[in-house]
Amino acid sequence: MGFTLALSVVVAWGVGDQGHMFPFAVIGAAALALGVVYWLFPRGLHFAFGMTAGLAIYASLFVVLGHAQFPDALPWSRALGFLLPVLAFVAMVLRHHRELDAVAAQQTAHELDHLPHASRWLLSSSLVALACFVLPINRLPPDLQAVALLAAMAGVAGIAAFAVRDVIRLMVDVSLIVHEIGARARFLVVPAVAFLLMYALLVVGFASAYRIADELSARPLFNGPAGPIRISYADSLHFSVATLSTVGYGDIQPHDDGIRVLASLEVVAGQLLLLFGVAEILRARRTRPERGARLDREDEPGHSPPGE
């Protein structure tokens, strides 16, 4: 629940470049939709997390569309446009909550292969977004952009209201998937911790080597944006992480052959570590059914350990 609340706050804060009203609209929509739906369909915290993730994705897509095609729309229209589909969805949920509760109760993990049932309303919503991109809305004056934005989001609201049954089914599917991931995660703790520990050791070890080599050298071994530099340990850690992850930001670059060789060795070590991590995760996945079956047998009434 803490992670769900934190996700809502971070996303609302992150999309704040759409005006001061928009973050409050995101938080309000999340609180309203999450509260009503979770009250009517108490399917556990995984259900709440799935819905919050969906709202976060919706907010992100809305911001991208707003920047691209409605750059000068009035701030109040952005907040209202974002709320329209959420309000329509909540209204239909309240109106048909008994029918939707039966739909949610029938969903099981064995029905996850039917996720494409969500494609109908997702496709319809995508067509509305595509129409917004095709039409030259961004050339209109601000007031007309606001009207066009509200019209487009009203169309999305109508789709959400019409397809409320499929939306609820998708939310339950997502909650089942998240629950299954949580059940499997405990079997991956050991390989995940081992991977992170080895990754940290590689970063620290190579960072120390870079710093020592630079200190012992008569001339700087690295270049910065303004030319040769002497790196600090913080700089060497940053360079080590960028090298091991193969990101290569380019703000710190080696210009000595020995450092280039050392950085190449770190990249190779990182690839070997990645292979080790994948192998351990696959091994844990293979042993999980066997361990699960053994634990189930030990929990059965009347079961006695060998030798008793």
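1. On one side of helix H1, Gly2, Phe3, Val10, Trp13 and Gly14 are exposed (over 50% relative accessible area; buried is under 20%, partly exposed in between, with a 1.4 Å probe and protein chains only). The buried residues of H1 are Thr4, Ser8, Val11 and Ala12. Seen down the helix axis, these buried residues fall within an arc of 100 degrees, so they line one face of H1 (the arc is taken from the directions from axis to C-beta atoms).

2. The model is predicted: local features need pLDDT of at least 70, side-chain atom pairs count only at pLDDT 80 or more, and totals for chains, interfaces and linings use all residues. Residues are numbered from 1 along each chain as its sequence is written, and side-chain values use heavy atoms, leaving out hydrogens and water.

3. Helix H9 (residues 189-216) and helix H10 (residues 233-244) have axes that come within 8 Å and cross at roughly 130 degrees (axes are lines fitted to C-alpha atoms over the stretch in contact; angles run from 0 to 180 degrees between N-to-C directions). That makes H9 oblique to H10 (under 35 degrees is roughly parallel, over 145 roughly antiparallel, 65 to 115 roughly perpendicular, the rest oblique).

4. Which residues of H9 meet H10? Among them are Tyr199, Leu202, Phe206 and Tyr210. Their partners in H10 include Tyr233, Leu237 and Phe239. Contact means heavy atoms within 4.5 Å.

5. Buried residues in H9 include Leu202, Val203, Phe206, Ala207 and Tyr210. H9 has 28 residues and reaches 40 Å from its first C-alpha to its last, close to the 40 Å expected (1.5 Å times one less than the number of residues).

Methods: Helices (H or I, at least four residues) and strands (E, at least two) are DSSP runs, numbered from the N terminus.
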